[in-house]
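Here are my notes on the model below. Please read them with the structure open.

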Amino acid sequence: MFAFLPVQTLTDGVITLRLEEYVPMKAGEWAPSYNFLNYLGNTHIGHIHLRIGTNEFVYYGGNIGYGVREPYRGHGYAARACLLVPPIARAHGMEELIITCASDNIASIRTIEHIGARFEGVVSVPRWSELRDRGIKFINRYVWDISGFEPGVYVEGGKPGGGMLR
């Protein structure tokens, strides 16, 4: 039985991820996920979703989905957010994360390569996928080896679920 970990915030000292919601697994849909809002100080700059496990939805959509609001793009905030979530995935027994992006999304390609994910190839998106509904016919698929991250939720100030990464 899947159980979410008690995580509320994650930070690297520059950005802070605040848990927005836990999204349980639903039949015929994405995997269970931790949905975080990304903050720079008190300013909301984007989001990141960490989906736990694999299925055909994750194969095409990835374990990680993120976005950064337009005025904050180009500063590495998406990569910082990505680097904060692997300990949670590791605590769920995962050693790799799939990350995908549209083949023409240069900013995401740079982010994904920056964090060290390995390009696996270009994949045709099936017609049943909601990605197709958004006009995406092909995706770049990457696999990120996260086995070097320590599993768990980092604790800050003795409170479970908080966290500051090294």
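1. Is aspartate 12 buried, partly exposed or exposed? Aspartate 12 is partly exposed, at a relative accessible area of 23%. The classes are buried under 20%, exposed over 50% and partly exposed in between, with a 1.4 Å probe and protein chains only.

2. Basis. This is a predicted model: local features need pLDDT of at least 70, side-chain atom pairs count only at pLDDT 80 or more, and totals for chains, interfaces and linings use all residues. Residues are numbered from 1 along each chain as its sequence is written, and side-chain values use heavy atoms, with hydrogens and water left out.

3. Salt bridges. The structure has four. The criterion is a side-chain nitrogen of Lys or Arg within 4 Å of a carboxyl oxygen of Asp or Glu. Aspartate 12 pairs with arginine 80 at 2.6 Å, N to O. That pair links distant parts of the chain, 68 residues apart: arginine 80 sits in helix H2, aspartate 12 in the loop between S1 and strand S2 (15–23). Arginine 80 is partly exposed, at 30% relative accessibility. Helices (H or I, at least four residues) and strands (E, at least two) are DSSP runs, numbered from the N terminus.

4. Two further bridges. Glutamate 70 meets arginine 73 at 3.3 Å, N to O; glutamate 70 is exposed, at 59%. Arginine 90 meets glutamate 95 at 3.9 Å, N to O. Here arginine 90 is buried at 16%, whereas glutamate 95 is partly exposed at 47%.

5. Threonine 11. This residue lies in strand S1 (residues 9–11). Threonine 11 is buried, at 11% relative accessible area. A polar atom of its side chain is 2.7 Å from the backbone oxygen of isoleucine 15. The side chain also makes a polar contact with that of threonine 16, at 3.3 Å. A polar contact is a pair of N or O atoms within 3.5 Å; within protein, one must be able to donate a hydrogen and the other to accept it, and residues adjacent in sequence count only if both atoms are side-chain atoms.

6. Largest pocket. Its space is about 830 Å³. Of the 35 lining residues, Tyr66, Gly67, Cys101, Asn105 and Ser108 are closest to the centre. On a 1 Å grid over the protein atoms alone, a pocket is an open set of points where a 1.4 Å probe fits, with protein on both sides within 12 Å along at least five of seven lines; lining residues have an atom within 4 Å of a point. H4 supplies the largest share of the lining, six residues.

How values were computed: Grid points are joined across faces, edges and corners, and a volume is the space filled by probe spheres set on the points.
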